[in-house]
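This report describes selected features of one protein model. The sequence and structure are shown first.

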Amino acid sequence: MSEKEQTILDLEPNTKILVTCGNSHLGSNVIKYLLERNVPSKNILTTVRSEAKGQKWKEKGIEIRIADYKNPESLEKAFEGVDRIYMVSSIGDKDCPRDKQHLNVIEAAKKCKVKLVVYSGFLNCDENTNLVADDHKYTEKILEESGLNYSISRNASYLESQGELFKYLIKEENNILYNACGDSKIALLLIRELGEAGACILLKKEPKKFYELSGVPCSFSDIKNAMEKIKGKEIKMVDVSIEENCEKCKELGFGQYYAMLTKFMYTDYKNGVYGIKSNDLQELLGHPITTLEEGIKEVINAPNYFPM
C-alpha cells in the first residue's frame with residue numbers, strides 16, 4: 001500500500017485522532033491530509049477556542065472540542081476517548097509560557113490514557129541554541145519521562161517564514177539580497193508538507209520516536225538563483241553580518257516577525273544547525289518534495305502567513 005493509499009484502516013477502524021489547534025496553519029493542514037488519506041471525518045477531532053471558531057470543521061463532519069493549552073481541565077475533557085493526538089507546539093505568553101502549556105497537554109494526555117502523542121518539534125533540536133529551542137528540548141524531555149507512547153516530528157523552518165523577503169525581491173525595483181548566513185545550508189519547508197508528514201506519522205502503526213524533517217536544505221545562493229529564475233532578472237547578493245542584516249530589515253520596512261527571525265534564528269542558520277540532511281520527509285510523504293523554486297512561487301502568491 002502506498003503512502004497515498006494509507007488510511008485509518010491500517011490502525012483500528014474506530015481509532016479516534018485529535019489534532020490540537022485546528023485553526024492553526026499546521027493543525028489545519030494535518031487535518032486536511034488526514035481527510036485526503038481517506039480517514040473518515042467521524043474519526044477526526046480537533047480543538048478550537050470556541051464553537052464559532054470550529055464551525056468550518058463541524059461542516060466537514062469533524063467533532064470539535066473546546067480547549068485551551070492554559071486550561072488543564074479543558075484539555076482533559078477534550079482528550080476523553082481519544083487514541084492519538086497531534087500536538088501543535090504553542091506560542092506561549094507571559095501568563096502561561098510555552099513550556100507550561102506543553103506540560104499541561106502532556107499531563108492531560110497521560111490522564112486520558114492517549115495511545116500516541118505526535119509532537120511538532122524543532123529540527124535538529126539537540127544542536128539548536130536559539131531561545132525557543134529550550135522549550136522544545138524541555139517538551140521532548142517530559143514526553144520521554146511521561147511514559148506515553150510518542151513520536152516527535154522535528155520540523156524544519158517554514159519556507160513561509162521567508163515570505164516577506166521573497167515578496168520584497170519579486171518587486172521590479174528590488175534586486176539586492178542581503179545574506180547573513182554565508183554558504184550554510186538551511187532546511188526550509190512549506191507548512192502544508194509538514195502537515196502532510198504529521199498526518200502520515202499519525203497513521204503509522206508504530207512510528208519512529210524521531211523524524212528529522214529537513215527536506216533538501218538550501219543556501220542563500222540557492223534562494224538567489226531560484227528568485228532570479230522566477231523574476232527573470234539578475235539579483236545581486238551582498239554578504240552582511242547578522243547585526244547588519246537586522247538593520248537592513250528595519251531600513252527596508254520589514255515587519256517585526258522577520259526582524260525577530262533574523263535576530264534569533266540566523267546564528268543557528270549560519271552555524272549549519274538547520275542544514276542536516278534526512279530522507280525522513282520524502283519517505284513519509286511517498287512523493288517528491290516541492291522544489292525550492294516552486295515553493296517560493298507558492299509563498300509569493302499566498303496571503304502573508306505571519307503579521308507583517
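## Salt bridges

The structure contains 22 salt bridges, a salt bridge being a side-chain nitrogen of Lys or Arg within 4 Å of a carboxyl oxygen of Asp or Glu. This is a predicted model, in which local features need pLDDT of at least 70 and side-chain atom pairs count only at pLDDT 80 or more, while totals for chains, interfaces and linings use all residues. Residues are numbered from 1 along each chain as its sequence is written, and side-chain values use heavy atoms, with hydrogens and water left out.

Side chains of opposite charge can pair when their charged atoms come close. One of the pairs joins Glu63 to Arg65, with 2.8 Å between the closest N and O atoms. Glu63 is partly exposed at 36% relative accessibility, whereas Arg65 is buried at 18%; buried means under 20% relative accessible area, exposed over 50%, and partly exposed in between (1.4 Å probe, protein chains only).

## Pairs that link separate segments

Lys111 and Glu76 form a salt bridge whose closest N and O atoms are 3.2 Å apart. Lys111 belongs to helix H4 (residues 98-111) and Glu76 to helix H3 (residues 72-78), so this pair ties together parts 35 residues apart in sequence. Helices (H or I, at least four residues) and strands (E, at least two) are DSSP runs, numbered from the N terminus. Lys111 is exposed, with a relative accessible area of 57%, and Glu76 is partly exposed at 27%.

Lys115 and Asp83 also meet in a salt bridge, at 3.4 Å from N to O. Lys115 lies in the loop between H4 and strand E5 (116-122), and Asp83 in the loop between H3 and strand E4 (84-87), 32 residues apart. Lys115 counts as exposed at 55% relative accessibility, but Asp83 counts as buried at 15%.

## Helices H9 and H10

The axes of helix H9 (residues 242-251) and H10 come within 9 Å and cross at roughly 170 degrees; axes are lines fitted to C-alpha atoms, for helices over the stretch in contact, and angles run from 0 to 180 degrees between N-to-C directions. The two helices, H9 and H10, are therefore roughly antiparallel, a term for angles over 145 degrees. Residues making the contact (heavy atoms within 4.5 Å) include Ile242 and Cys246 of H9, and Tyr258 and Tyr266 of H10.

## Arg192

Arg192 is found in helix H7 (residues 191-202) and is partly exposed at 23% relative accessibility. Leaving aside neighbours within four places in sequence, Arg192 contacts Asn29, Tyr33, Thr290 and Glu298.

Conventions: Parallel < 35°, antiparallel > 145°, perpendicular 65-115°, else oblique.
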